[in-house]
Amino acid sequence: MIGEYAAAPARVRPLRVAVAGFGVVGSSVAKILCEREELRDALLLTHVFNRHVSRKRVAWVPESITWRESIHDVFGEHFDVLVEVVGGVEDAYAWVSAA
(Lines give C-alpha, C1' and ligand atoms only; values in the text may rest on other atoms or scores of the structure.)
Protein backbone atom coordinates (compact mmCIF):
# COMPACT_ATOMS: atom_id res chain seq x y z
CA MET A 1 0.00 0.00 0.00
CA ILE A 2 1.89 2.99 -1.26
CA GLY A 3 -0.54 5.43 0.34
CA GLU A 4 0.26 4.12 3.79
CA TYR A 5 3.93 4.90 3.41
CA ALA A 6 3.67 8.21 1.63
CA ALA A 7 5.21 11.04 3.60
CA ALA A 8 2.91 13.75 4.83
CA PRO A 9 3.16 16.87 2.71
CA ALA A 10 5.60 19.43 4.03
CA ARG A 11 3.93 22.37 5.76
CA VAL A 12 4.24 25.37 3.49
CA ARG A 13 3.78 28.90 4.74
CA PRO A 14 0.80 30.79 3.34
CA LEU A 15 1.33 33.15 0.43
CA ARG A 16 1.64 36.71 1.71
CA VAL A 17 -0.87 38.90 -0.14
CA ALA A 18 -0.75 42.66 -0.65
CA VAL A 19 -3.90 44.40 -1.88
CA ALA A 20 -3.49 47.62 -3.88
CA GLY A 21 -6.74 49.50 -3.66
CA PHE A 22 -9.25 49.39 -0.82
CA GLY A 23 -12.45 50.50 -2.48
CA VAL A 24 -15.45 48.22 -3.00
CA VAL A 25 -13.48 45.44 -4.72
CA GLY A 26 -10.25 45.71 -2.73
CA SER A 27 -11.99 45.81 0.64
CA SER A 28 -14.09 42.79 -0.40
CA VAL A 29 -10.95 40.85 -1.35
CA ALA A 30 -9.33 41.83 1.95
CA LYS A 31 -12.43 40.84 3.91
CA ILE A 32 -12.46 37.40 2.28
CA LEU A 33 -8.78 36.92 3.09
CA CYS A 34 -9.33 37.98 6.71
CA GLU A 35 -12.53 36.08 7.44
CA ARG A 36 -12.52 32.83 5.48
CA GLU A 37 -11.08 30.14 7.75
CA GLU A 38 -10.45 27.71 4.87
CA LEU A 39 -8.01 30.18 3.26
CA ARG A 40 -5.85 30.84 6.32
CA ASP A 41 -3.32 28.09 5.61
CA ALA A 42 -2.93 29.19 1.99
CA LEU A 43 -3.32 32.99 1.84
CA LEU A 44 -2.41 35.67 4.37
CA LEU A 45 -3.25 39.35 3.91
CA THR A 46 -0.17 41.31 4.92
CA HIS A 47 -0.39 44.73 3.23
CA VAL A 48 -2.98 47.20 2.02
CA PHE A 49 -2.18 50.14 -0.23
CA ASN A 50 -4.63 52.96 -0.69
CA ARG A 51 -4.55 56.72 -0.90
CA HIS A 52 -5.78 58.44 2.26
CA VAL A 53 -5.40 55.41 4.50
CA SER A 54 -6.88 57.20 7.52
CA ARG A 55 -10.27 57.30 5.76
CA LYS A 56 -10.13 53.65 4.77
CA ARG A 57 -9.13 51.83 7.98
CA VAL A 58 -11.80 49.47 9.28
CA ALA A 59 -12.04 47.53 12.52
CA TRP A 60 -12.19 44.08 10.91
CA VAL A 61 -8.69 44.40 9.39
CA PRO A 62 -6.22 42.87 11.87
CA GLU A 63 -3.67 45.15 13.54
CA SER A 64 -0.90 43.04 11.94
CA ILE A 65 -1.72 44.36 8.45
CA THR A 66 0.67 46.99 7.14
CA TRP A 67 -1.13 49.98 5.58
CA ARG A 68 0.70 52.13 3.02
CA GLU A 69 -0.27 55.28 1.11
CA SER A 70 2.55 54.94 -1.43
CA ILE A 71 2.67 52.02 -3.84
CA HIS A 72 6.46 52.43 -3.90
CA ASP A 73 6.54 51.73 -0.16
CA VAL A 74 4.55 48.55 -0.80
CA PHE A 75 7.05 47.42 -3.43
CA GLY A 76 9.78 47.64 -0.79
CA GLU A 77 7.90 45.23 1.50
CA HIS A 78 7.91 41.43 1.61
CA PHE A 79 4.89 39.80 -0.02
CA ASP A 80 4.35 37.05 -2.57
CA VAL A 81 1.28 38.22 -4.49
CA LEU A 82 -0.01 41.69 -5.31
CA VAL A 83 -3.73 41.96 -6.03
CA GLU A 84 -4.19 45.19 -7.96
CA VAL A 85 -7.73 46.53 -7.71
CA VAL A 86 -7.11 50.25 -8.06
CA GLY A 87 -9.63 51.98 -10.29
CA GLY A 88 -8.49 52.87 -13.79
CA VAL A 89 -5.68 51.42 -15.87
CA GLU A 90 -3.00 54.10 -16.05
CA ASP A 91 -1.63 53.66 -12.52
CA ALA A 92 -1.54 49.88 -12.83
CA TYR A 93 0.15 50.11 -16.24
CA ALA A 94 2.84 52.42 -14.86
CA TRP A 95 3.48 50.14 -11.86
CA VAL A 96 3.76 47.00 -13.98
CA SER A 97 5.96 48.76 -16.52
CA ALA A 98 8.31 49.91 -13.77
CA ALA A 99 8.52 46.47 -12.14
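The paragraphs below go from the fold to the sheet, then to the core, the aromatic residues and a few single positions.

The model is a predicted one. The protein contains five helices and four strands. Read from the N terminus, its elements follow the order α-β-α-β-α-β-α-β-α. Of the 99 residues in the protein, 26% are buried. Among contacts with a separation of 6 or more, 65% are between residues 24 or more positions apart.

The four strands can be taken next. They form an open sheet with the order S3-S2-S1-S4 and parallel pairing. The edges are held by S3 and strand S4 (81-84), each with a single partner strand, so one side of each has no neighbour in the sheet. On average, neighbouring strands of this sheet are turned by 30 degrees against each other, direction ignored.

Two of the pairings involve S2. S1 and S2 pair in the parallel sense over six bridges, and within this pairing Ala18 has His47 in S2 as its bridge partner. On its other pairing, S2 is joined to S3 by three bridges, and these two strands also run parallel. Here Phe49 stands opposite Arg68 in S3. How enclosed is S2 by the rest of the structure? Five of its seven residues are buried, so S2 is largely enclosed.

Thr46 gives a view from inside this strand. Thr46 lies in strand S2 and is buried, because its relative accessible area is 12% and the limit for buried is under 20%. Not counting residues up to four places away in sequence, Thr46 touches Arg16, Val17, Ala18, Ser64, Ile65, Thr66, His78 and Phe79.

Next comes the nonpolar core. The largest one has twelve residues: Val17, Val19, Phe22, Ala30, Leu33, Cys34, Leu45, Val48, Val53, Val61, Ile65 and Trp67. S1, H2 and strand S2 (43-49) each supply at least two residues of this core. Which element gives the most to this core? H2 does, with three residues. Apart from this core lies another, of seven residues, including Ala18, Ala20, Ile71 and Val86.

With its neighbours within four places in sequence left aside, Val19 is in contact with Gly26, Val29, Leu33, Leu45, His47, Val48, Phe49, Val83 and Val85.

The aromatic residues can be followed separately. A pair of aromatic rings is described by the distance of the centres and the angle of the planes. The count comes to three aromatic pairs. One of them is formed by Phe22 and Trp67, which are edge-to-face, at 5.0 Å centre to centre and with 75 degrees between the planes. Phe22 lies in the loop between strand S1 (15-20) and helix H2 (24-35), and Trp67 in strand S3 (residues 66-68), so this pair ties together parts that are 45 residues apart in sequence. Both Phe22 and Trp67 are buried. Ring pairs link Phe22, Trp60 and Trp67 into a cluster.

Ser27 lies in helix H2 and is buried, with a relative accessible area of 18%. Leaving aside its neighbours within four places in sequence, Ser27 is in contact with Phe22 and Trp60. The side chain of Ser27 also reaches the backbone oxygen of Val24, at 3.3 Å.

Where does Asp80 lie? Its place is in the loop between helix H4 (71-75) and S4. Is Asp80 buried or partly exposed? Asp80 counts as partly exposed, at 32% relative accessibility. Its contacts, with neighbours within four places in sequence left aside, are with Arg13, Pro14, Leu15 and Arg16. The side chains of Asp80 and Arg13 are joined by a polar contact of 2.7 Å. Asp80 and Pro14 are 66 residues apart in sequence, and their C-alpha atoms are 9.3 Å apart in space.

Terms used:
Residues are numbered from 1 along each chain as its sequence is written. This is a predicted model: local features need pLDDT of at least 70, side-chain atom pairs count only at pLDDT 80 or more; totals for chains, interfaces and linings use all residues. Side-chain values use heavy atoms; hydrogens and water are left out. Rings of Phe, Tyr and Trp (its six-membered ring) pair if their centres lie within 6.5 Å; planes under 30 degrees apart count as stacked, over 60 as edge-to-face and the rest as tilted. Buried means under 20% relative accessible area, exposed over 50%, partly exposed in between (1.4 Å probe, protein chains only). A nonpolar core is a set of buried Ala, Val, Leu, Ile, Met, Phe, Trp, Tyr and Cys residues joined through side-chain atoms within 4.5 Å. Contact means heavy atoms within 4.5 Å. Two strands pair if DSSP finds at least two bridges between them. Axes are lines fitted to C-alpha atoms, for helices over the stretch in contact, and angles run from 0 to 180 degrees between N-to-C directions. A polar contact is a pair of N or O atoms within 3.5 Å; within protein, one must be able to donate a hydrogen and the other to accept it, and residues adjacent in sequence count only if both atoms are side-chain atoms.
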